[in-house]
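Please work through the exercises below with the sequence and the structure open side by side, and try each task before reading its solution.

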Amino acid sequence: MTRRIVLIFVFLLLLIPLRASAAGIAEREVLPNGMVILHVERTGLPIVKVSFAIKAGSVAEPPGKAGLANLTADLLNEGTATRSSKDISDAIEFVGGSLNTSGGADYITVTLSVLKKDVELGFDLLSDIVLHPAFSEEEIQRRKAIIKSSIIQQKEEPGTVASKAFLKAVFGDHPYGIPVEGTEESLDAITRQDIVDFHKTYYVPGNGIMAVSGDIDRKELHALLDRFFGGWKGREVAARPLPVLRKGDGPRVIKIQRDITQANVILGHLGISREDPDYYAVSVMNYILGGGGFASRLMDNIRDNKGLSYDVHSFYSTNKFGGFFEAGLQTKNGSANAAIGEILKEMQRIRTEPVSDKELNDAKAYLTGSFPLRIDSNSKIAGFLVAVEYYRLGLDYVDKYKTFIDAVTKDDVLRVAKKYLDPKDYVLVVVGNLEKASLRY
Amino acid sequence: MKKAAIIFSLLFVLLCPHGAGALNLKEYTLDNGLKVLIAEDHKAPTATFQIWYRVGSVDEKIGKTGLSHLLEHMMFKGTAAHGPKSFSQAIQRAGGMDNAFTSREYTGYFELLASDRIGLPIELEADRMRNLILTPKAVLSERDVVMEERRMRYEDDPQNMLHEEVVATAFKDHPYRWPVIGWMSDLKGLDPDDLIAHYKTYYAPNNAVIIVVGDVDSAQVLAKIKESFGKIPRGPEIKEAHIREDAQYGEKRVYVKKEAELPYILLVYKVPDIKDQDGYALDVLAGVLSGGKSSRLYNSLVYEKQIALSAWASYEGLYRDPFLFYAAATASRGKKIEDVEKALLDELENIKKDPPSEREVQKAKNQIEGSFIMEQDSIYMQARTIGSFEMIGGWRLVDKYLEGIRKVTPGDVQRVAAKYLVADRKTTGILIPEGEGKSDGE
């Protein structure tokens, strides 16, 4: 009950600009075994949502084993010491809940969604799949085959083809440039022993961040944690050293032929880490450039004024150990040159001319004013809390975010545009009918 | 994405937990015929405002398909009172998000924002209901955008293209047969005057429903709605077309040959909509076949036989007229689509021969009820569900629907499978991959 009141209190403060508060969005504690717990009690609906992140993403993979982290996460709910794959899915699906795993570069995530009455079953299954996965040879072969088929299927999605080629060119050998699911060849190189060792090393409580939001109080949560995670041991593992990220030297253009009607264009380069202090100024700058939907320059120019594309966007993807900037669109093959030219023009413009007062104020008003929408459900809160912990944003982040965004000036926008946008040393990927596109680039 | 969300299918992601009348919804109708539905939900200080018009691709004609969806795009172009391009900017400036969706039977617009700012979308939506500026030049420019959208979603997506072909083959005379986005040839030949007439006919208070869900006071919101919308005059009555698809005689088959990697099969069967008694058992049947990894299609085709990358089924019952039951699978690498088709049909035959177990049926029912409750985590989804039922026959169908689901027995599931999953109701579509992309490197 009290958690909910604190949460609403924080929201109210958000809407009253001049007040500041150190009130936390959630209760945080570190269990004796090192696991970090973030908890918000919300009693409006009889459900519980758990987002459990484990620092065992692809950045922790040994060289030559691309896809190991994702495959390990994928196999968690394919059988444990005491339950078969089907036992697990049948148990959670019978109560109308869900228990899913997903790979990632920085961390993997296990999400649990259950009605309150089934929360004990949910924690039992959650703990079993994370602590005691069986990794049977049969299930490993099965999942490898499925992942390989889906890698093949991705080749019929031009946007995915473009994105993979782009990340590879931008990040090179760095794990961020390698697909989390690996490649057909790298999956062949992964043995059961690799998976067992990876799990043993990285699936430890010191690497775990668990966010719980919903109709569960502190006492109930503690009882479940004691019972299902109390015996789990292991300290946080130091991150593996990663290759140094290097900028390109002049434009690099990758053209991929497909017999399709549109050119799928991605143009971009290295960006910033989520923990970079310039994150907030970059957020404002990118909103104006191509992140703000219909309020953005790229959309206004390329879609609204020229009718060249349906989806035009730009974003900074920010991870723990680096990130990238991308501007992307799809346009009929014959318009590719024109559309690419407009992207470069807008990148150049925001680097050389200050944005208008209206653009700056609108961007800030949206970024701060939309914050309540980012945390208005149990699912969103659980996901948000994991990010707050992992990227060390602080439990007062809801307040701090507003302060950081409000402080951004036109000079900041110009400065970060100059620093983090590069209309010369970029990677350009075009997937489409190259004959019809006859690219100038 | 913005102005994007064409609804292909409505998942049964519904709301309201146990028991009858759990839906805490207030209904009002203004003098001009505008219906207003308000559900207070105080879990977070946010709200959604949605306005749904009873117009979609079923209201279009051969040769002029895609008008409803293009009009949805045009609704963001501006009015005399609020200049060009200002709609989304005003909402975003208030910290809100806005978007819209078009289906075969309705077109919806929504905003999500801090609940104390709910007055803004009310004012803006009232303005654009009648006062949109539609110039031929702007219409044709946005038509180009929709053609790009069509290229992205259909022309260059082989599975989606197959879906389009299968539905166009399954229906002979019902307007369900053409896609919501419209055929490319119709978009090319579009006459802006048709679009303007479409707007004038269908965008009127007596053809719309407002849905508000969130941290609001019903009386206050209703007063604001009356203030902004109450003065808009009622439009001429719109006749609801009742179209019946003629009987089908024998299975239909269609092939799409496109650059693709894996073969894909889609079976569709003509089935009644959710207002029919058999609708509940059809929905449970879809759950038994396709409700997660423990369900029959995944277990058989993906897990045991390992011939499919994915396999699923879905009952599409949230329509005014009878629509379709889908069953589909993507072949794994190196597997023959003929074998996948046989495995898929075998699973359907199994259920026709022997009823599913009590546990399987109970599981499917629990999943439907569970998703009703889970959906209430999101104010947006609550409003979407209310709207989806309202458009096909009234939001009170939600309660009736849940009661109906609870009564379904294994015998019912077997009976509807035997009755509807038959060749004379079936259209089979197969995607045959052709060609292969080549990388030119740098």
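**Exercise 1.** Which residue in β6(A) is the bridge partner of A:Leu38?

*Solution.* This is a predicted model, in which local features need pLDDT of at least 70, side-chain atom pairs count only at pLDDT 80 or more, and totals for chains, interfaces and linings use all residues. Residues are numbered from 1 along each chain as its sequence is written, while chains are lettered from A and ligands numbered from 1 in the order in which they are written. Begin with strand β2 (residues 36-41) of chain A, which runs parallel to strand β6 (residues 208-214) of chain A and is joined to it by six bridges; strands here are DSSP runs (E, at least two residues), numbered from the N terminus. Within this pair, A:Leu38 has A:Ala211 as its bridge partner.

**Exercise 2.** How confident is the predictor in chain B, and in the complex?

*Solution.* For chain B the average pLDDT (the predictor's confidence in each residue, from 0 to 100) is 92, and 93% of the residues score at least 70. For the complex, the predictor gives an ipTM of 0.91 and a pTM of 0.92.

Technical notes
Two strands pair if DSSP finds at least two bridges between them. Helices (H or I, at least four residues) and strands (E, at least two) are DSSP runs, numbered from the N terminus.
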